[in-house]
Amino acid sequence: MSFLAPLFFVGLGAIAIPILVHLIQRERKRVVEFPSLMFVQRIPYQSVRRRRIRHWYLLAMRAAAIALIVAAFARPFFTKGAAAAAVASGGTREVVILLDQSASMSYGDYWQRARDEARKVITSLGAGDKATLVLFSRNAEESIRATSDRGRLEASLNAAKPTSGATRFGPALKLAESILARSSLQRREAVLISDFQKSGWTGAEDVHFGEGLTLTPVSVASDNAANIAVPSVTFARSTFSNQERITVTAGVANKSTEPASGIPVSLEVEGHQLETQSVNIGPNSTASASFAPFTLAEPTVHGIVKAGSDRFAADNSFDFVLTPSQSVSVLVIDSGADRNSSFYLSKALAIGTTPPFQTETVPAGRVTPPMLDKRSAVVLNDAPLPPGLAGGALRQFVQRGGGLLVAFGNHSVWPASEADLLPGHLGAIVDRAEGRGGTIGFRDYSHPVFEVFKAPRSGDFSAARVQRYRALEPGADDRVLARYDDGAVAAAEKRVGTGRVVAFTTTLDDSWTDLALKPVYLPLVHQLARYLSQYEQSSAWSTVGAVVDLSARLKSRADRVIVSPSGLRTRVAASEPGLLELNEHGVYEIRPATAGAGRPDRIAVNLDPAESDLAPLDPRELVAAVTGRASQTTASRERPAELTPDESERRQSIWWYLLIGGVLLLAAETIVANRLSRHERFL
Amino acid sequence: MAHDQRGTIPGARFVDPKILARVGNLELLARTVVDGLINGMHRAPFFGASIDFAEHRGYVPGDDIRRVDWRVYARTDRYYVKQYEADTNTNFTILFDVSRSMRFASRGVSKLEYGSFLGACLGYLAHRQRDRVGILTFDEDIVSHVPPSAKHFEMVLHTLDQAKAERPGHLSAPLQKMAEHFKRRGILLLISDFYDEPEAVLEAIKPLKFLGNDLIVFHVLDPQEISFEYQDASSFEDLETGEQVPVVPESFRAQYRALIQEHIAALSTRFSEQRIDYALINTSEPLDRALFSYLSSREKLMRVR
C-alpha cells in the first residue's frame, strides 16, 4: 500500500490533542483567584488521579478517529493489483543467477559462500518461478536454462566449481540481460554473486539493463583479503661453453595491507627444486628474486616458480616452458665481384640474438640447389640470379615457405623467365646523383617489417641518401612497402606459395646508398630477415583464456592428442582446425597421436595477473552503471502494469471508508463523552 | 439604606456592607455607622491623669508624691498613690494589611474595602473621643505611615481610601519595623487576614505588645474563605504567590473548612493567651454589627478589668 499525499501524516500529531485535553486543558481552562492556598496545599490529594486517564476507550476512540481521518487525507492506494497478487502466489519471476567461478573465487571460503548464496536464491523461488544458472569467469555460459526445477538447479550448482579464468562481468551481464529481455514473466531480476574484483569491471562494458530489469549484487568478498602472487617471470639467456644458460628472475607481489616477510620463493625445473630464496615484501608492493642460471639443453623444459602459501594457492606458482633458442639460417648470395658488397649485411645479421642468425655468404656462381635446404631465407645481394637456382629451384624454395630478399645493384640481372617471382616489373637504373640524392619518404607501417619504426623517434630513414635505384613497377597483387621521395618504389613484396619475396630497389651496401651507415639499417635488416624467415618467438607461457594455433606449433600434419593440466585427454584429428583454448592453469602437453613420437610439445598456462588483485569494487557502483539507477527500489523491481481508470479509482477508493469510519467514531465519542459527563460533574 | 433583618441584637440597625461600599466618603461612612450606635463605649485602657478614679496602689520611690493619697495614709499609715483611667488623648493607630490576599472578594466587597470601612469607623470613633489617630499600611514592607495626631484623621481616611492591595504580604518584617516606631503607648488596631502560621503571627505581633500597647486584632475573612463553597474543579491561583494548584472543591471542602476553623481557633487561643483582643470579621456581615459585637465584648472585658 502507498499514499498519494503522505505529507498529511503530519496530522497524526493531532492525536496528542485529546491527551493534552485530558491531562492539562480541562484543569486549566478556569482559574479561580484565591487569597492563599496555604490550606489547600495541606490537603493530601492524589494528583495522579487527576492526571490519570480513566476512560481509555474514550481516548482510544478519539485517537483512532483522528488517525482514520488523517489516513483518509493521505489518500492510500493499493500498489499490488492482480498481477502482484499473482506474484505473491508464485510463477511470475524470471531469475538469472550469475555465479562467478573465476580463479579468485577459490580464495578461502569464497566459493562455499557463493554457492550458499546461490542456494538461497534457488530456495526462494516460487512454484512457478523460473531461474537460469549462469556460470561466468572470462566468459559466461548458461549452466541451466530457465527452469522451475529446483533439483536440477541444485545439481547444476553442486557440479560447478571455480575455474582458472579471469573475472569479467561484462559477458555475464550481457547474457543475463538477453535472457531477461526475452522473458515474458512479470518480475525479471538478475542476482550477481561474486567477489567483485575491480579488475573484472572496467566501466567500458556496454551493458545496460532496461526498465523493469533489476540487478541484485551479492558480494562474498571479505575485507583485507591477503594474497601473495607470482605475476611474472623473466628469463635472461646466455651462452656458456656452447650451451644456453637461463637466469630466471621472478616477481613476487604482496596484495595486502600487511607486510609479508620471509616468503620462500623456489625454482623447480622438471620437478627438481633448484633453489629457494626468502624475500620480504612491503604492503601492496612487489619484490623480485633472481635464481642462479641453469643450463637449458633440451626443448620444452618445464619450470615452476613458487612463492609462499596462502588462501589463494593458484597464483602462488608460475609455470613456464623453455626451449633452447633456434637460429635462423640465412643464405646471402652476392655477385662475387666486390668482396665488401655483403660486409654490412653479414655484420648486421651476426649481431642478432632473437633470433640468432646463421649467415652464409656465397657467390652466385657457386650456388647449388642443395644449399637452399634448411635455409629460412635467401638474400640476393646485388647479384644475378644464380644459374643453379634458375629453372625452378628458387621458386620451389619460396613456394615451400622460404623467404627471398632481392637487393638490386650494379650486378643485378634478372632473367625474364623468373620475372614473376619479383613483386612487379623491373625497370632501368634511376640515377639520383644530382643534388643530395633521394630519400625513403614513405613506409608502410602496417607491414611487419616497418611496424617497429611506427612510433615517433623510432628510426630516421630521411638521414639516408639514395643515389641510385632500380625502377620497379609493382603488379596489382604486389604490396609496396616503401617509396622514395620521388614516388618510386623502394621496397615491394610478393607472396609466392607460402613464401615471401621482398624486392629492395637499392643496394644493401654503401655503393648506391649510405643507408648501411645509418642507425636504421640494423633493425631494418633484422626485421626483413625475421619476416622472410617467418620467425615467431615462442613464449615461455600463455595466460588462461589464450587460444593457440596447434598447426603452427607442430610441423607434422598427423592427429594430435592434447593432455590438459587436469589430465583430460583430447584427440584432435589432422583435418580439424588446430585451435586450442587454454582454460586451465598448468601445463598442456601436445603430442602426436602415434605412440613414441618423441618429446611432447608443452604450453605453460598461468592465471591472468589481474586475478591476483582481490581488491573489490563497490557492488552499488556496478549496479548503478548497469541499471542506470543508483539504487534498486521496490517500485522499480516490478514492471508497472498499465491500469485502467476503473482500476486506478478502485485502488484509491479506500479513503472513503477511512473518512466515514473516522466520522462515525467521532460521533460515537461524542455520545459516550456526553453520557460520561452526566455522571461526573468534574473530571 | 437597607436594614439587615437577620440581626441578633434587637433594636440595632445594621448596614449592609454592599451598600456601605457605595458611600464614597469614608468620613460620612464612618459617621453613619458609628453615630447612633455607640457613644462612649470606648475607653482607654491606661491609667493616667483623669477624673475617673481606678484604684490605689502602693507607693514606690520615684512616684510623684503629689499622687499620694494622704487620706489613706492617715487611716493606714501607709503610702498609696491614686490611679485614674486615662480615657482621653491616647494614640490610636490603625495597622492595615494591604497585601494582595486582601484584594479577594467573592460577594462585591473585598476584604480590603471592608478593612478600610472598619478602620475608618474605629478611627472616627477614636477621633470623636479626642484620641490621636494615625495609620500604617503594610504588605511585605511598610507602604504608608501617618503618625497619630489629633489633626490627622482626614489623612488617615485618605490613606484608607487610597490603599491598594498590590504586593504579597508578610507580617513579621513590617511589624518589627513598626515596633521601632511606637515609642509611646497607645491602641493598635491590626486589620489583616493572617495567612500565616499562628505561631509566626504571634511572633510577629509580640514586639508591639511588649511596648505596652493595647492591641486589637481584626481577622478579616471573606465568606468563601470560610465556607469554601466552590463547585467546579478549577485551577486555584494564590493571590500572593501566583502559584496555581488544581483543586476539586467537592473533595477539598470538608478538609479545608476544618483547616480554616482550626487556624481561626489557634489564632483566637494564642491571642487570648497574650491578652490580645481578637475578632473574626466576616465581610458578608454588616459592618456596624461587627463593630457592635466587638465593642460590646470589649466593654465587657473592660468591666472585668
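Colleague: What makes strand 29 and strand 30 of chain A a hairpin?
Modeller: Five residues lie between strand 29 and strand 30 of chain A, and A:Gly567 in that turn has a positive phi of about 95°. Strand 29 covers residues 560–563 and strand 30 covers residues 569–572; a strand here is a DSSP run of E with at least two residues, numbered from the N terminus. This is a predicted model, in which local features need pLDDT of at least 70, side-chain atom pairs count only at pLDDT 80 or more, and totals for chains, interfaces and linings use all residues. Residues are numbered from 1 along each chain as its sequence is written, and chains are lettered from A and ligands numbered from 1 in the order in which they are written.

Colleague: How do you know that strand 29 pairs with strand 30 of chain A?
Modeller: Pairing requires at least two bridges found by DSSP. Four bridges join these antiparallel strands, and A:Val563 stands opposite A:Arg569.

Colleague: What else does strand 29 of chain A join?
Modeller: Four bridges also link strand 29 to strand 32 (residues 586–592) of chain A, again antiparallel. There A:Arg560 stands opposite A:Pro592.

Colleague: Why do strand 2 of chain A and strand 10 of chain B stand at the edges?
Modeller: The open sheet has the order 2(A)-9(B)-10(B), with mixed pairing. Strand 2 (31–34) of chain A and strand 10 (244–247) of chain B each have a single partner strand, so one side of each lacks a neighbour in the sheet.

Colleague: In which sense do strand 2 of chain A and strand 9 of chain B pair?
Modeller: They pair in the parallel sense, over four bridges; A:Val32 has B:Phe236 as its bridge partner.
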